[in-house]
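Dear colleague,

Please find below the structure that I am handing over to you, together with its sequence.

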Amino acid sequence: MDTVKKEPKKVEISSAEWQIMRIVWTLKHVTSSEIINLMQKKQTWSDSTIKTLITRLTKKEFLSREKEQGRYIYSATVEEQATMNEYANSLFADFCAHKSGSVLNELIDSMEISQADIKMLQKTLDNKLATAPEHVKCDCLPDGCADMC
Ligand SMILES: [Zn+2]
């Protein structure tokens, strides 16, 4: 089935597995030999390494497979945008709340993004500014950080 799950899924995907997912998201329905072919144009990974990654993603239910004319066709069970958002959110959830803004700023500063994306960011920031708190507290210690931040 190529039904896309609606609820966000805890994104435990390794860097290598992301490469596989990006191929499947782009091509939608793909065989393991097509994935191997495309991966080997970018990486020096062996067939068995790539097959292991595909199997792992299938077991974790990020990929599903269906037999068609004797071969398995793989497709994603999760949406790309939702999965990227969830992954980025879970990353930032581990950081100090007080410092997240400066990390985000550094990220934007160092990233190549389009003019359209920059305009979108400006609009989002303008909207955020209207309701943003003056200060976001450090949440690193159980009782807060007293005068340290
Ligand atoms: Zn902190």
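A residue counts as buried when its relative accessible area is under 20%. In this predicted model, cysteine 138 has a relative accessibility of 12% and is therefore buried. Cysteine 96, with a relative accessible area of 11%, is buried as well.

Both cysteines belong to the zinc site. The zinc ion has as its protein donors the SG atoms of Cys96, Cys138 and Cys140, which lie 2.2 Å from it. Along the chain, these donors follow the spacing C-x41-C-x1-C. Cysteine 96 sits in the loop between H4 and helix H5 (97–110), whereas cysteine 138 sits in the segment after helix H6 (115–131); the pair is 42 residues apart and links distant parts of the chain.

Next, the sheet. Three strands form an open sheet in the order E1-E3-E2, with antiparallel pairing. Strand E1 (30–31) and strand E2 (63–68) are at the edges and have a single partner strand each, so one side of each lacks a neighbour in the sheet. E1 is joined to strand E3 (residues 71–76) by two bridges, and valine 30 has tyrosine 74 in E3 as its bridge partner. Helix H3 (residues 47–59) lies across E2 and E3, at about 105° to E2, while H1 lies across E1, E2 and E3, at about 95° to E3.

Finally, the axes of helix H1 (residues 15–27) and helix H4 (residues 80–93) come within 11 Å and cross at roughly 155°, which means that H1 is roughly antiparallel to H4. In this contact, Trp18, Arg22 and Trp25 of H1 meet Glu80, Thr83, Met84 and Tyr87 of H4.

Yours sincerely

Key: Residues numbered from 1 in each chain as written. Predicted model: local features only at pLDDT ≥ 70, side-chain atom pairs only at ≥ 80, totals over all residues. Heavy atoms only, no water. Axes fitted to C-alpha atoms, helices over the stretch in contact; angles between N-to-C directions. Helix = DSSP H or I, 4+ residues; strand = E, 2+ residues; numbered from the N terminus. Parallel < 35°, antiparallel > 145°, perpendicular 65-115°, else oblique. Contact = heavy atoms within 4.5 Å. Donors = N, O, S within 2.8 Å, 3.2 Å for Na, K, Ca; no water. Buried < 20%, exposed > 50% of the residue type's maximum accessible area, 1.4 Å probe, protein only. Pairing = 2+ DSSP bridges.
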